[in-house]
Amino acid sequence: MEERKMKLHYLEIVTTDVDRDCKMLETVMAVSFGLEKVADLGGARVSKNSPDGSMIGVRAPLAAHEKPIQRTYFEVQDIHKAIKAAEEAGAVIAYPPTKQGETGIWAIYILGEIQYGLWQRI
């Protein structure tokens, strides 16, 4: 069996009050957010000062139907293989593997009521 190493790459927080949540994370988690919004990540304000390179992005909903959520993206070596395995295990693909500018290739699948994200380096 192929050995897989799990690594958290990105924690996405969708909220109706980005400034409030960024301030709370700065206070509680000792991370820092600039005011810059990363277009390739839905306009998220991103903290990149984690020792392991993982990031936290906080953004507003992109559409009226999008609800606040916290979504975890795991780094994978082959996103197409991983999304296929998720689908074969019964997941619904919500966002197929898509290159997001220079940030990497991203995908989202849903299993039950939980949304999972995948990310691959480019």
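Residues are numbered from 1 along each chain as its sequence is written, and side-chain values use heavy atoms, with hydrogens and water left out. In this predicted model, local features need pLDDT of at least 70 and side-chain atom pairs count only at pLDDT 80 or more, while totals for chains, interfaces and linings use all residues.

The structure holds 5 aromatic pairs, where rings of Phe, Tyr and Trp (its six-membered ring) pair if their centres lie within 6.5 Å, and planes under 30 degrees apart count as stacked, over 60 as edge-to-face and the rest as tilted. Two of these pairs are set out below.

| Pair | Centre to centre | Angle between planes | Class |
|---|---|---|---|
| Tyr-10 and Tyr-73 | 5.8 Å | 50° | tilted |
| Trp-106 and Trp-119 | 6.3 Å | 55° | tilted |

Tyr-10 in strand E1 (residues 8-14) and Tyr-73 in strand E4 are 63 residues apart, strands being DSSP runs of E with at least two residues, numbered from the N terminus. Trp-106 belongs to strand E6 (residues 105-111) and Trp-119 to strand E7 (residues 114-120), so their pair ties together parts 13 residues apart in sequence. Ring pairs link Tyr-10, Tyr-73, Trp-106 and Trp-119 into a cluster.

Buried means under 20% relative accessible area, exposed over 50% and partly exposed in between, with a 1.4 Å probe and protein chains only. Tyr-10 is buried at 1%, and Trp-119 is buried at 4%.

Glu-75, in strand E4 (residues 69-75), counts as buried at 13% relative accessibility. Leaving aside neighbours within four places in sequence, its contacts (heavy atoms within 4.5 Å) include Trp-119 and Arg-121.

Technical notes. Helices (H or I, at least four residues) and strands (E, at least two) are DSSP runs, numbered from the N terminus.
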